[in-house]
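My notes follow the structure.

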Amino acid sequence: MSADRLNLRGLARTELAGLLNEMEQPAYRAKQIFSWLHQKRVSTFDEMTNLPASFRQSLAQRCTIGGVKVQKRLVSSIDGTVKYLYGLDGGDLVEGVLMGHRHGNSLCISSQAGCRMGCAFCASALGGLSRNLTTGEILGQVYAAADDIAPERIGSIVMMGVGEPLDNFENVCRFLELVSHPDGFGLSLRRISLSTCGLVDEIYRLAEKKYPVTLSVSLHAANDDLRSELMPINRKYGIAALLKACRDYFEATGRRVSFEYSLMAGKNDAVTDAKALAALLKGRGDHVNLIPHNPVKERALTRSNRETVLAFQKELEIRGINATIRRELGADLDAACGQLRRTDG
Ligand code: SAH
């Protein structure tokens, strides 16, 4: 296996420059190799035709060009949404979803194989965490989808697939830098959203990076008792600390945070919950994304009905909170929120 060889695709530009220096190669080769890896997206060193053959050989001896394998590709007959099941080295599977919106294609990707956050409603939590994805594997999901849909393009990325991105902090940051690099894939960080269950320390670490990404925070409850029941991370960082971190994130980056709130019947969907949520977010100018809950068969939680969802939204809006209901795509693929991987895995 390739485990002891370096995956060149996951190296930050400065790390690549360091490697070339160590291999006594001129500095300009970094740009050449970077372009082969991230723009032309070759899969072998032999295709890097502007490098001397002997250098290609030494690269092949110590490095790989790793990514992910598309194990399965499903297309929704309702709306054309594409779900990818990606295979990783070692046998783990993660998923990605490509959604066509009026403003372009948006790709949802995974950051970990499994998850250790233990949220009560989420399919990804069921088997716990297997491992973090490498930077090359996070990037590989984007490149596999980009190659699949070419000449169409990926216009935006959401990190909302399997895993907690801020629990794989270093690899996710390296991914953000690579995917947005002007000599590489070149996607603006403004077109990337990162969704977190609320790791407050890491929100501060991310704020220090000053990436202009959109931070989405999964809130799902407006009081600590219920949030702790649904999301164990709330026992470590309560709602007040989380909302303060979001405010500080906005101040550091100039980017407004958005909140996700999945509506579960009889759990968090009453008018009193909407009022409590509005009181929490009052005056902040943040956006709330209401997600109709996707029932997971191993869990008892069910979805709120349409009238309840609309009433919840209305209650927020009359209190000045901007709230949208997430459009559901690919409903026929039985694959929302971590389910594809489990039915197939
Ligand atoms: N760990 C990150 C990102 C992955 S989950 C996070 O917690 O945000 C992406 C979004 O889907 C989160 O808002 C999550 O709470 C939500 N989600 C998970 N399972 C769900 C389900 N069964 N139905 C609806 N939304 C769900």
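I looked up Glu229 and found that it counts as partly exposed, at 44% relative accessibility (buried is under 20% relative accessible area, exposed over 50%, and partly exposed in between, with a 1.4 Å probe and protein chains only). Its side chain meets that of Lys267 in a salt bridge, 2.5 Å from N to O (a side-chain nitrogen of Lys or Arg within 4 Å of a carboxyl oxygen of Asp or Glu). Lys267 lies in the loop between strand 12 (258-263) and helix 9 (271-281) and Glu229 in helix 7 (residues 224-230), so the pair ties together parts that are 38 residues apart in sequence. I took helices (H or I, at least four residues) and strands (E, at least two) as DSSP runs, numbered from the N terminus. Lys267 is partly exposed too, at 29%.

I note that this is a predicted model, in which local features need pLDDT of at least 70 and side-chain atom pairs count only at pLDDT 80 or more, while totals for chains, interfaces and linings use all residues. Residues are numbered from 1 along each chain as its sequence is written, and side-chain values use heavy atoms, with hydrogens and water left out.

My search of the whole structure gave 17 salt bridges. In one of them Arg174 pairs with Glu15, the closest N and O atoms being 3.3 Å apart. Arg174 sits in helix 5 (residues 169-179) and Glu15 in helix 1 (residues 13-22), so this pair ties together parts 159 residues apart in sequence.

I then checked Arg131, which forms a salt bridge with Glu137 at 2.9 Å between the closest N and O atoms. Arg131 is partly exposed at 24%, whereas Glu137 is buried at 6%.
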